[in-house]
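Subject: Structure for your review

Dear colleague,

Please find the structure below, followed by an account of what was found in it. Kindly read the two side by side.

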Amino acid sequence: MIKKIKKRSACPISFSLDFLGDKWTLLIIRDILLNNKNTFGEFIQSAEGIATNVLTDRLKMLESEGFIMKYPVPGKPRVAYCLTERGVGLIPIIMEMALWGVSENNTEIKKELTVALKNDKAGVISALATKHLEIYGQRKESRIEPDLPSA
């Protein structure tokens, strides 16, 4: 069963927390955005150890909500995922969370990325958005339509 985003109130912070409050959702977006991961097998290898059923559920939810898109891997019998335009809209949030985590936990995301964000956050976000919008544009034509939940 796909995780449903429930609108508990008209508050935009409440909605954001309902969606982004799930750590697995954010870590999948992080892996696509920063770690160049895009297949189920690559996501499952992330250090946090997501269970296969949770990963399947979150991928379906992100796809059904329009944050990621599924496409066939050329020449291979499998699929991959990329951010959509809506998913790219999460980049500034992910970068802010990363910087906050660096400052509070005294760790690095990737040293070069941390330095770049501290020096030119807007430029880094813009470059990441451009990169992922280009990937989306290239893959859009081969999109695999999401499985819609049965009524």
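A residue counts as buried when its relative accessible area is under 20%, as exposed when that area is over 50%, and as partly exposed in between, with a 1.4 Å probe and protein chains only. By this rule, 38% of the 151 residues of the protein chain are buried.

Please note that this is a predicted model, in which local features need pLDDT of at least 70 and side-chain atom pairs count only at pLDDT 80 or more, while totals for chains, interfaces and linings use all residues. Residues are numbered from 1 along each chain as its sequence is written, and side-chain values use heavy atoms, with hydrogens and water left out.

Overall organisation

The protein chain has 7 helices and 2 strands. Helices (H or I, at least four residues) and strands (E, at least two) are DSSP runs, numbered from the N terminus. Their order from the N terminus is α-α-α-α-β-β-α-α-α. Contact means heavy atoms within 4.5 Å. Among contacts with a separation of 6 or more, 54% join residues 24 or more positions apart.

Helix 2

Helix 2 has 12 residues and spans 16 Å from its first C-alpha to its last, close to the expected 16 Å. The expected span is 1.5 Å times one less than the number of residues. Because 10 of its 12 residues are buried, helix 2 is largely enclosed by the rest of the structure. Among these buried residues are Trp 24, Asp 31 and Ile 32. Helix 2 is followed by Asn 36, which lies in the loop between helix 2 and helix 3. The phi of Asn 36 is positive, near 55 degrees, in a residue other than glycine.

Two packed helices are described by the angle between their axes and the distance between the axes. Axes are lines fitted to C-alpha atoms, for helices over the stretch in contact, and angles run from 0 to 180 degrees between N-to-C directions. Angles under 35 degrees count as roughly parallel, over 145 as roughly antiparallel, 65 to 115 as roughly perpendicular and the rest as oblique.

The axes of helix 2 (residues 23-34) and helix 4 (residues 52-64) come within 10 Å and cross at roughly 75 degrees. These two helices are therefore roughly perpendicular. Their contact includes Ile 28 and Ile 29 of helix 2 and Leu 55 and Arg 58 of helix 4. It comprises 8 nonpolar, 1 polar and 1 charged residues. Here Ala, Val, Leu, Ile, Met, Phe, Trp, Tyr, Cys and Pro count as nonpolar, Asp, Glu, Lys and Arg as charged, and the others, Gly among them, as polar.

Helix 2 also packs against helix 6 (residues 91-105), at about 100 degrees and with the axes 11 Å apart. This pair, too, is therefore roughly perpendicular. Leu 26 and Leu 33 of helix 2 and Ile 94 and Met 97 of helix 6 are among the residues in contact. This contact has 8 nonpolar residues, with no polar and no charged ones.

Helix 4 and Lys 118

The buried residues of helix 4 include Asp 57 and Glu 63, and their cover includes helix 1, helix 3 and both strand 1 and strand 2. Lys 118 is found in helix 7 (residues 111-139) and counts as exposed at 58% relative accessibility.

Yours sincerely
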